[in-house]
Amino acid sequence: MQETRSSVGLHVNGRRYELEVDHRVTLLDLLREHLGLTGTKKGCDHGQCGACTVLVDGRRANSCLLLAVAHDRTRVTTVEGLGGEGTDGLHPLQEAFIERDAFQCGYCTPGQLCSAAGLLAEAAADPGATDLSRSGIAEAMSGNLCRCGAYPRIVDAVRDVAALSQADAPDRAPGDGRVVA
Ligand code: FES
Ligand code: FES
């Protein structure tokens with residue numbers, strides 16, 4: 001099959017990249033194979049496990065399902081950049097995952113972290129539409145599979161950070177995306 005290549009420009013973790021890629025290259029493979037950002041994991045490669053979750057323009061997405069060439073000029077955040085663009089610091093979610101021991105093998109963890117960061121961003125943008133109860137978090141992150149069964153602690157960690165976020169926004173109306181039992 002003949003290769004067709006095009007140039008694509010992406011901001012990844014605050015850094016600008018210009019590459020020429022085969023049109024068949026997924027965003028996941030671009031991150032891992034072309035940029036060396038191997039924190040994002042390949043599990044199923046078919047959109048079914050969530051291991052490859054990253055933030056694309058702030059929204060969570062399965063990078064194995066996205067063609068890199070179709071994402072010219074987008075901003076991508078991977079687990080390497082969650083702590084802050086261009087810093088080595090940990091995101092509060094990463095600290096909470098450590099505190100709660102919310103992983104075993106860790107293979108799903110980068111995807112879980114990016115998915116949780118996206119979920120909390122969704123809650124901040126539209127509190128009334130986001131259910132941050134245990135079941136709500138589990139449902140919202142149901143696309144991120146954990147073969148080790150760390151789900152209860154993952155939910156605990158996400159709730160910890162959601163509660164911190166709420167403490168920073170005390171003037172919200174009751175029931176608008178707050179953490180509830
Ligand atoms: S590797 Fe992308 S969803 Fe499984
Ligand atoms: S911690 Fe092993 S797959 Fe989730």
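Okay, so helices here are DSSP runs of H or I with at least four residues, strands are runs of E with at least two, and both are numbered from the N terminus. On that count, our protein has 5 helices and 5 strands.

A bit of housekeeping. This is a predicted model, so local features need pLDDT of at least 70 and side-chain atom pairs count only at pLDDT 80 or more, while totals for chains, interfaces and linings use all residues. Residues are numbered from 1 along each chain as its sequence is written, and chains are lettered from A and ligands numbered from 1 in the order in which they are written.

How confident is the predictor? The score is pLDDT, given for each residue from 0 to 100. The protein averages 91, and 90% of the residues score at least 70. Watch residues 170-178, though, where the pLDDT is below 50.

Now the sheet. Strands count as paired if DSSP finds at least two bridges between them. The 5 strands make an open sheet in the order 2-1-5-3-4, with mixed pairing. On the edges sit strand 2 (15-22) and strand 4 (59-62), each pairing on one side only. From one strand to the next, the twist averages 40°. Strand 1 (residues 5-12) runs antiparallel to strand 2, with 8 bridges joining them.

Of the 181 residues, 40% are buried. A nonpolar core is a set of buried Ala, Val, Leu, Ile, Met, Phe, Trp, Tyr and Cys residues joined through C-beta atoms within 7 Å. The largest one has 47 residues, and L113, A116 and V158 are among those with the most contacts inside it. Helix 3 gives the most to this core, with 7 residues.

Which residues does A116 touch, leaving aside neighbours within four places in sequence? They're L93, M141 and V158, where contact means C-beta atoms within 7 Å, again placed from the backbone.

Methods. A residue is buried if 20 or more other C-beta atoms lie within 10 Å of its own, exposed if 12 or fewer, and partly exposed in between; C-beta atoms are placed from the backbone. Axes are lines fitted to C-alpha atoms, for helices over the stretch in contact, and angles run from 0 to 180 degrees between N-to-C directions. Two residues are in contact if their C-beta atoms, placed from the backbone, lie within 7 Å. pLDDT is the predictor's confidence in each residue, from 0 to 100.
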